[in-house]
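Here is a short briefing for a first look.

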Amino acid sequence: MPKAQLLLVEDDSALAELVRWHFEREEFDVQHTGDGEEALLMAKERTPDLVLLDWMLENLSGIEVCRQLRKADNTANVPIIMLTARGEEDDRIRGLEIGADDYVTKPFSPRELVARAKAVLRRVRPALAGEALRFGDVEMDTVAHKVKRGGKQVPLGPTEYRLLKHFLEYPGHVFSRERLLDSVWGHDSDIEIRTVDVHIRRLRKALNEGFDSDIIRTVRSAGYSLDQDAV
């Protein structure tokens, strides 16, 4: 099971250490900052799977950080849980309206926070909550590194496997070639953009052999997505 990438934005260092300890014990990969502007840079450099965001930050407020994360292409759909001492109904509504997925009022139980974080991930990224990677008739065993479609084994090379895994973790999301290059090959890769198209073709050929439908959709001028309505 892949480790969930957690971005913790909290300026109370003691609370941050407590939260970090509980999440790392549950196998989360935790990055922490107490600065809103630094949080935006960190999220841009490495897209998190989940953001825990303190409302009351100095310089750049948690509300503004949340708003900017929702505007950025790579974090527009990343779940955000707000952490705050503000428990009034109007504040909770405001936090949810600007894009937060959940709202936890301080003081809180770290164990409950972990449970709520896992519940959010189950809704948006089931693979990170410990469930199998499946989409339509395609299933991936991430432990044995095996892929099946319609119960039939699909032989894939390492790069095609990583591509499919990325699509399965974000079904329905459209990824540009540049985003796929960063996510599958890495930020420091010197691979050319057109290489993405080559491996998409190989992945399609392997997945579609013996089947009439193609679940990888080409989105004109945008990129590719895993889509049951693809032609």
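The largest nonpolar core has 26 residues. A nonpolar core is a set of buried Ala, Val, Leu, Ile, Met, Phe, Trp, Tyr and Cys residues joined through side-chain atoms within 4.5 Å; buried means under 20% relative accessible area, exposed over 50%, partly exposed in between (1.4 Å probe, protein chains only). This is a predicted model: local features need pLDDT of at least 70, side-chain atom pairs count only at pLDDT 80 or more, and totals for chains, interfaces and linings use all residues. Residues are numbered from 1 along each chain as its sequence is written, and side-chain values use heavy atoms, leaving out hydrogens and water.

**Cores**
- Leu163, Leu164, Phe167, Leu168 and Ile216 have the most contacts inside the largest core.
- Another core, of 21 residues, lies apart from it and includes Ala39, Leu53, Val65 and Ile80.

**Leucine 181**
- Leucine 181 sits in helix 7 (residues 177-185); helices (H or I, at least four residues) and strands (E, at least two) are DSSP runs, numbered from the N terminus.
- Leucine 181 is buried, at 10% relative accessible area.

- Most residues other than glycine have a negative phi, and most peptide bonds are trans.
- The peptide bond from lysine 106 to proline 107 is cis, with omega near -5 degrees.
- Asparagine 59 has a positive phi of about 65 degrees and is exposed, at 72% relative accessibility.
- Serine 221 has a positive phi near 65 degrees and is exposed, at 80%.
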